[in-house]
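This briefing is meant for a reader who is meeting the structure for the first time. Please keep the sequence and the 3D view at hand while reading, and look up each place as it is named.

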Amino acid sequence: MSYQAPVKDMLFCMTELAGLDQVATLPGFEEAGIDTAQAVLDECARFNEGVLAPLNHEGDKSPSTFHDGEVSTTRGFSDAYRQYAEGGWQGLQHPLDFGGQGLPKTIGAACIEISNSANLSFALCPLLTDGAIEALLTAGSDELKQRYLPRMVSGEWTGTMNLTEPQAGSDLALVRTRAEAQPDGSYKIFGTKIFITYGEHDMADNIVHLVLARVAGAPEGVKGISLFVVPKFLVGDDGCLGDRNDVHCVSIEHKLGIKASPTAVLQFGDRGGAVGYLVGEENRGLEYMFIMMNAARFAVGVQGIAVSERACQLATAYARERVQGRPVDGSLPGAAPIIHHPDVKRMLMTMRALTEGCRALALVAAAEYDRAHASVDAEQRKRSQAIYEFLVPLVKGFSTEMSLEVASLGVQVHGGMGFIEETGAAQHLRDAKILSIYEGTTAIQANDLVGRKTVRDGGAVARALAAQIETTEGQLRASGSAAAIAMARRLGQGRQAFLAVVDFVVEQFRVDPNAVFAASVPYLLLAGNLAAGWQLGRALLVAERTLASGEDTDFMRAKIASARFYAEHILTRVPGLRDSAIDGAAAVTELPAEIF
């Protein structure tokens, strides 16, 4: 089944929930209103539906291959990447100064979803390049920026993020890769990095590796880590490519999913030392890498939405065509398409409501990012930055966990055919699994939500968001429709459960940290569920107003249906998550390790 980008729903979320019209008043974004968004998304849909989506299944069947240090990507990927770069898609959100288009994240996030729905394995390459660009923009010297950014923003060169080592996964204090200062101001890099997405490939002329390493004499632990640019090919003062650097791919991984994306093991310095260039200051590498990582975390959350959308489209198309069984109410004579069966409707609506709720949440978060970076009002920037930072672990953690549920339901809708690779349903489930792992597992996102985003400010941002949800509840009750009343009721229950867990986290963090961190993932799932449901509650209000004027009736009725279903089938999980977080913490903390 071919993929169709959900442009209409994206534009609805941007204009009605994220406030695109207000974003377009910010300095630098004056041309980024609805007309621009429509044009960009339409062209993005055309490219991805026609070029990237047809390669998705082929990449799963015929993954990237490794031979004698070289990686060959799936047939068609190199040509597709050339078209991607020529179309200017890599530079969509990046500054005009380096050849980008300077569009807001609100529009860019929707384009990221479209490309990842079309072909997740392909889209991982530009995703990592985006993160590397962000890190250099923030911490790179003028010389590094001028030498590398124009070619990266154009898509001529790609970027990677090199953190993980065989002994250092999430615990980066264990990083052993070393850097030796040279008289000319460069460094020689020695070490091994693993799990490097697109660490070697044949789609671009150069690969710009951002590498964490320790300079001799640096402090122990994370305080002694520095960040370096280590290009595959050295770059001369004239911008031309020179000698091959001493960084080589020694293998690629054989994976459960995203098979077309080469995940490399890179060896630095086997032939005298790889030439690297310090980014920013020594011993501040982790700080700089987190810039890249946070950009990637938001994008990975959007990837979860993207896979969910693709799985949802595939399952819905199958349910419309697959004839099996008679409707239980006798409404149709004889066998009928399975989309008439109540439980299939339940599964399809679960998939759709979760996907739409998370999409709305991600686009609202993207708009807060734009306000935080471009508003002329310092207080607005501060408020928006705090909201965005709070929402990032929800977008990443909840949306990726959600994608596993949606992709699994997609297999279930297909029945036995979902277990057969030819239908494509299984690929979505396999591809989705990595999303809850990389750029920080769900537990790491939850720890961030607890420590940096809730305890640090005493729950202030969390309670401010709860107050906004309460305002929406009042608006829903005032509407008086059955759907609005149902949503108001469930949002209210969810908000109260959320506030109870916020209080628990803040009060118990120093008293009983084990209990708080035992509750962290339920807290994240609760908060993400509630935040996505809140956006659908807001969408319901817009849809009712629009319907009252007689406009766009089919789309608005579908939006109301998604919101009501979310209220009655998904928000109902929130009180149980509150109980798991607070009442169930002891059931985890009191377990001796020996019991396992």
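Which kind of link do the side chains of R46 and E43 meet in? The side chains of R46 and E43 meet in a salt bridge, with a distance of 2.6 Å from N to O. The model is a predicted one, and the structure holds 34 salt bridges.

**Salt bridges**

- R46 and E43 both belong to helix α3, which covers residues 34–52, and they lie three residues apart, about one turn of the helix.
- D583 forms a salt bridge with R578, where the closest N and O atoms are 3.0 Å apart, and R578 counts as partly exposed at 23% relative accessibility.
- Salt bridges also link D9, E113, E309, R352, E356, R359 and K559 in a network.

- R359 is found in helix α10, which spans residues 342–374, and with a relative accessible area of 2% R359 is buried.
- When residues up to four places away in sequence are not counted, R359 touches P6, D9, M10, C13, E113, I305 and E309.
- Among these contacts of R359 are D9, E113 and E309, and D9, E113 and E309 are also linked with R359 in the network of salt bridges.

**Helix α6**

- Helix α6 runs over residues 105–118 and has 14 residues, and from its first C-alpha to its last it reaches 19 Å, which is close to the 20 Å expected at 1.5 Å a residue.
- This helix is mostly covered, with 14 of its 14 residues buried.

**Helices α13 and α17**

- Two packed helices are described by the angle between their axes and the distance between the axes.
- Helix α13 (residues 442–455) and helix α17 (residues 520–548) pack at an angle of about 80 degrees, and their axes are 8 Å apart.
- Angles of 65 to 115 degrees count as roughly perpendicular, and α13 and α17 are therefore roughly perpendicular to each other.
- On the α13 side, T442, A443, Q445, A446, N447, L449, V450 and T454 take part in the contact, and they meet S520, V521, Y523 and L524 in α17.
- Sorted by class, this contact of α13 with α17 has seven nonpolar, five polar and no charged residues.

**V455 in α13**

- V455 has its place in helix α13, and at 11% relative accessibility V455 counts as buried.
- Leaving aside its neighbours within four places in sequence, V455 is in contact with V450, V505, F509 and R510.
- V455 and S549 are 94 residues apart in sequence, and their C-alpha atoms are 45 Å apart in space.

**S399 in α11**

- S399 lies in helix α11, which covers residues 378–414, and at 0% relative accessibility S399 counts as buried.
- S399 touches G301, G304, I305, C358 and L394, when residues up to four places away in sequence are not counted.
- S399 and S308 are 91 residues apart along the chain, and their C-alpha atoms are separated by 9.0 Å.

**Backbone of two loops**

- Most residues other than glycine have a negative phi.
- Y198 is a residue other than glycine with a positive phi, near 55 degrees; Y198 lies in the loop between β5 (187–197) and β6 (206–215), and Y198 is buried, with a relative accessible area of 1%.
- N283, likewise a residue other than glycine, has a positive phi near 70 degrees; N283 has its place in the loop between β12 (274–278) and α9 (285–321), and N283 is partly exposed, with a relative accessible area of 28%.

Definitions and conventions
Residues numbered from 1 in each chain as written. Heavy atoms only, no water. Helix = DSSP H or I, 4+ residues; strand = E, 2+ residues; numbered from the N terminus. Expected span 1.5 Å × (residues − 1). Buried < 20%, exposed > 50% of the residue type's maximum accessible area, 1.4 Å probe, protein only. Axes fitted to C-alpha atoms, helices over the stretch in contact; angles between N-to-C directions. Parallel < 35°, antiparallel > 145°, perpendicular 65-115°, else oblique. Contact = heavy atoms within 4.5 Å. Nonpolar A, V, L, I, M, F, W, Y, C, P; charged D, E, K, R; others polar. Salt bridge = Lys/Arg side-chain N within 4 Å of Asp/Glu carboxyl O.
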